[in-house]
Amino acid sequence: MKSVVIFDMDGTLIDTESVYLKAYQEVFQARGIEFTDQEYIDQHAGRTAAACLQALVEKTGSQDLAKTLFNEAEQRFGEIEAESGIDNKAGLLETLEALKDMEVTIHVASSSNRSEVISRLKGAGISSYIDGFTSGDEVTHSKPHPEIFLKALEKTGQSKDSALIIEDSVAGVEAGFRSGIDTIMVPDLVAASEKNKAQALAIVDRLDDILNYVK
């Protein structure tokens, strides 16, 4: 049985990735710049703010424009969140309650910064279930580098064999695989690739499907 489960947050626990995609596309469209779903998936989903900003610098060729676009997308995300709220992913509360009943440590490892993690966990109504978290501003390297998961595991004081990572993104699954910790993918914006299938312990449809791999 696993004694600790390390969850990604955005796109895994709460449905933020689809909202970020919408925000980015609205901002880029307003400026007449193309921004595809695949660009977001490949260069932004699951990554730190610094990594996202660098991707925009490479796309636009301008540090100033990249910062402007990034800030406008963040602002638009906040507006959408205030207008419509952010949904929890299917099976979230059932999963967290079951893990608590099994006395499993629940840790969040998110590329979002500390204040965003605190705010979103609170907004989702799940802060009381979370035993600890590691945020993107605590690490040097963004996913798919495994640093955030290794740091999260260190905080729990558990071994790799006793841990399980839950991820939704391509970059996150690769980071989990590279960490040497069993990783389950619950796909969000994109279906699992052949590479994901080779790297992940399992690909499941809903969060509560992971419980079979904890017991």
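Begin where the two domains meet: 17 residues of domain 1 are in contact with 15 residues of domain 2, contact meaning heavy atoms within 4.5 Å. What you have open is a predicted model, in which local features need pLDDT of at least 70 and side-chain atom pairs count only at pLDDT 80 or more, while totals for chains, interfaces and linings use all residues. Residues are numbered from 1 along each chain as its sequence is written, and side-chain values use heavy atoms, with hydrogens and water left out.

**Stop 1**

**Stop 2: the interface**

Together, domain 1 and domain 2 bury about 1300 Å², with 56% of it on carbon and sulfur atoms. Buried area here is the accessible area (1.4 Å probe) that two parts lose on being put together, summed over both. Now pick out Asp-15, Arg-120 and Leu-189: in domain 1 they lose the most area to domain 2, together 40% of what that side buries.

How many salt bridges does the rule find across this interface? It finds 0 between domain 1 and domain 2, where a salt bridge needs a side-chain nitrogen of Lys or Arg within 4 Å of a carboxyl oxygen of Asp or Glu.

**Stop 3: Asp-37**

Next, select Asp-37, which sits in helix α2 (residues 37–43). Helices are DSSP runs (H or I, at least four residues), as are strands (E, at least two), numbered from the N terminus. Look for Gln-25: its side chain and that of Asp-37 are joined by a polar contact of 2.7 Å. Asp-37 counts as partly exposed because its relative accessibility is 42%, and the cut-offs are under 20% for buried, over 50% for exposed and partly exposed in between (1.4 Å probe, protein chains only).

**Stop 4: Ser-111**

Finally, go to Ser-111, in the loop between β2 (105–109) and α6 (114–123). Is Ser-111 buried or exposed? Ser-111 is buried, because its relative accessible area is 10%. Show its neighbours too: leaving out residues up to four places away in sequence, Ser-111 touches several residues, including Gly-46, Arg-47 and Lys-143.

Note on methods. Polar contact = N/O pair within 3.5 Å; in protein donor to acceptor, adjacent residues only side chain to side chain.
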